[in-house]
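Have a look at it first, then go through the points in order.

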Amino acid sequence: ESSNSSSNQRSRLAIILSGIFAAIYLTINLFVIGGDGFVYSLNNNITIPLAIVTTIFAFSFWSLARTGRHSRLLWGGLLAGWGLWTIAEVLWVVYGYLYQDIPYPSPADFFWLVGYLPMGYGLYARIREIPIKPDQTQKVVLWITSVVTVLITTIFILVPIIQANDTSNFLESALNVIYPLVDLVLLIIVFRLAFVYTSGDYGFGWNLMVAGFILHSLSNLAFSYANLYDLYYPDLRVNFISGVATDAP
């Protein structure tokens, strides 16, 4: 009992500190506190320590999952995916310091795209082995949410990207379409997990991770939209789309 009490206190402390950190970070982006240069630098550099910490936690869970093939697949996939994304984040920052305009495509894009494969497979494997199935109401909500998300992504992101793509540069044109597609697939997989874990500490932890995945995918889709219309830090100036809609999530 004392062990559980201590664990709950640590969990509450972690949640409170994370909430304070998120509120401060969002406020800085919303009101551009410190100026455009500070916010731009903050958003570029803060992802690296967060990605490293996330990968370390994934390794911890993977090493603890000694039993159960599906648990090993889940945390192994998340570990591989987050590890590859961490490498991509580091390369992105390095290229930002070396070049005035970050090359596209770059090696960072390779690690980002490859990271989706183990990440998506691990989450899909978790869905396949879960005995709990959504009830009829949850299925309707899931379908409506998925269809609306697909329609919005297709109308406002995919169709304009395809129309604006330069056919002379096949690789860049392909990446412009592949990125929102893989984010859309990952988002729909995570939507399914949102209806599985509903109660208890275990469910609360999973719901936090599901919320993180949803924010991450929405952030990437916002980046695709912003990049299409040159709204992502135009002239290195912070706006609502670049700061609040893309980087803060």
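What follows is a set of numbered points, from the whole chain down to single residues.

1. Ground rules. This is a predicted model, so local features need pLDDT of at least 70 and side-chain atom pairs count only at pLDDT 80 or more, while totals for chains, interfaces and linings use all residues. Residues are numbered from 1 along each chain as its sequence is written, and side-chain values use heavy atoms, with hydrogens and water left out.

2. Overall make-up. The protein chain has nine helices and zero strands, so read from the N terminus the elements go α-α-α-α-α-α-α-α-α. Helices here are DSSP runs of H or I with at least four residues, strands are runs of E with at least two, and numbering starts at the N terminus.

3. Size. For 249 residues, a compact globule would have a radius of gyration near 18 Å, and the 19 Å of the protein chain agrees with that. The radius is taken over C-alpha atoms, and the globule rule is 2.2 Å times the number of residues to the power 0.38. Along the principal axes, the C-alpha atoms fill a box of roughly 60 × 40 × 30 Å.

4. Contacts and surface. Contact means heavy atoms within 4.5 Å. Among contacts in the protein chain with a separation of 6 or more, 67% come from residues 24 or more positions apart. The accessible surface is about 14600 Å² (Shrake-Rupley, 1.4 Å probe; for residues, only the protein chains shown count as cover). Carbon and sulfur atoms own 68% of that surface. As for burial, 36% of the 249 residues count as buried, where buried means under 20% relative accessible area, exposed over 50%, and partly exposed in between (1.4 Å probe, protein chains only).

5. Charges. There are 11 positive and 14 negative side chains, with the centres of the two sets 20 Å apart. Lys and Arg count as positive and Asp and Glu as negative, leaving out His and the chain ends; each charge is placed at NZ of Lys, CZ of Arg, CG of Asp or CD of Glu.

6. A nonpolar core is a set of buried Ala, Val, Leu, Ile, Met, Phe, Trp, Tyr and Cys residues joined through side-chain atoms within 4.5 Å. The largest one has 36 residues, and those with the most contacts inside it are Leu-78, Trp-82, Met-119, Leu-123 and Phe-213. Helices H4 (69–98), H5 (107–129), H6 (136–164), H7 (170–193) and H8 (200–228) each give two or more residues to this core, and H7 gives the most, with eight.

7. Leu-78 sits in helix H4 and counts as buried because its relative accessibility is 0%. Beyond four places in sequence, Leu-78 is in contact with Ala-58, Pro-118, Met-119, Leu-123, Met-209 and Phe-213. Leu-123, with residues up to four places away again left out, touches Leu-74, Leu-78, Leu-186, Ile-189, Val-190, Leu-193 and Phe-213.

8. Which residues does the cis peptide bond join? They are Tyr-104 and Pro-105, with omega at about 0°; Pro-105 lies in the loop between H4 and H5. Val-32 is not a glycine but has a positive phi of about 50°. Val-32 lies in the loop between helix H1 (2–31) and helix H2 (36–45), and at 25% relative accessibility it is partly exposed. Tyr-233 also has a positive phi of about 50° without being a glycine; this residue lies in the loop between H8 and H9 and is buried at 6%.

9. Ser-242 belongs to helix H9 (residues 240–247). Is Ser-242 buried or exposed? Its relative accessible area is 0%, so Ser-242 is buried. Not counting residues up to four places away in sequence, Ser-242 touches Leu-231, Tyr-232, Tyr-233, Arg-237 and Asp-247.

10. Close to the cut-off. Phe-195, in the loop between H7 and H8, counts as buried with a relative accessible area of 19%. Its contacts, leaving aside neighbours within four places in sequence, are Gln-138, Val-141 and Leu-142. Asn-176 lies in helix H7 and is buried at 17% relative accessibility. With residues up to four places away left out, Asn-176 touches Tyr-104, Ile-161 and Asn-165.
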